[in-house]
Amino acid sequence: MCIRDSHKAAAAYLYNKRKLIIFEDINISMLVEKQVEEKKVPIALLIEKTNEKSAFEIHTEIDQAKNKGLSNKETVLHKHTSRYENLYFYLPGFLRRSLWRIMLRNPRFAFERMGNVVITSVGMMGTIKGWFLHKAVHPLSFGIGSILKKPVVIDGQIKVREMLHVTILCDHDVLDGAPMVRFLNELTRYIENGEGIRPEELSPPDA
């Protein structure tokens with residue numbers, strides 16, 4: 001059983017403050033830097049059904065999004081948006097925040113447009129010596145920092161290891177207390193040991 005099956009509520013939406021809406025798939029939202037009119041602009045990318053894809057397939061999809069030309073009808077990569085959705089990006093901040101609150105009342109719409117997990121990374125832009133606190137409207141959010149060499153205690157000895165700084169935000173109305181701790185402990189073990197990733201998934205099928 002993978003971590004998604006044993007902790008489905010971690011990426012669930014809360015509907016009407018009473019009912020959990022759990023989706024079988026994990027759709028991950030992230031930002032990809034694109035060149036738009038001689039400027040580098042962060043554009044949203046939604047990777048759908050990541051639970052059915054290998055590590056290499058996800059990596060390939062991100063790489064293709066970086067190199068793909070941007071259509072003037074796209075505000076989310078690979079998704080054509082309507083006239084009203086394009087208008088959203090020209091609204092003042094307080095109106096955009098109000099629209100977010102309205103959109104989150106419809107979990108199905110929110111899931112299809114922005115997924116149920118978001119990943120933001122500042123570590124790729126430079127060395128960040130510590131954790132950073134980010135904001136998110138998704139049920140589950142990951143803030144990826146830098147990988148730094150630090151002294152750690154292993155088998156009673158101090159050794160230098162590479163440490164990845166990650167900040168994880170959970171919706172406490174959805175996941176709290178012991179269930180949240182169990183999810184984070186299991187997730188940490190998966191990341192540290194590379195569980196769920198087969199060696200053949202890290203290379204192209206023809207390699």
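1. The protein chain exposes about 14100 Å², and carbon and sulfur atoms supply 55% of it; accessible areas come from the Shrake-Rupley method with a 1.4 Å probe, and for residues only the protein chains shown count as cover.

2. This is a predicted model, in which local features need pLDDT of at least 70 and side-chain atom pairs count only at pLDDT 80 or more, while totals for chains, interfaces and linings use all residues. Residues are numbered from 1 along each chain as its sequence is written, and side-chain values use heavy atoms, with hydrogens and water left out.

3. Six helices and nine strands make up the list of elements in the protein chain (DSSP runs numbered from the N terminus: helices are H or I of at least four residues, strands E of at least two). Of its 207 residues, 30% count as buried (under 20% relative accessible area; exposed is over 50%, partly exposed in between; 1.4 Å probe, protein chains only).

4. Val122 lies in the loop between strand 7 (117–121) and strand 8. Because its relative accessibility is 27%, Val122 counts as partly exposed. Leaving aside residues up to four places away in sequence, Val122 touches Ile128, Phe132, Ile144 and Gly145 (contact means heavy atoms within 4.5 Å).
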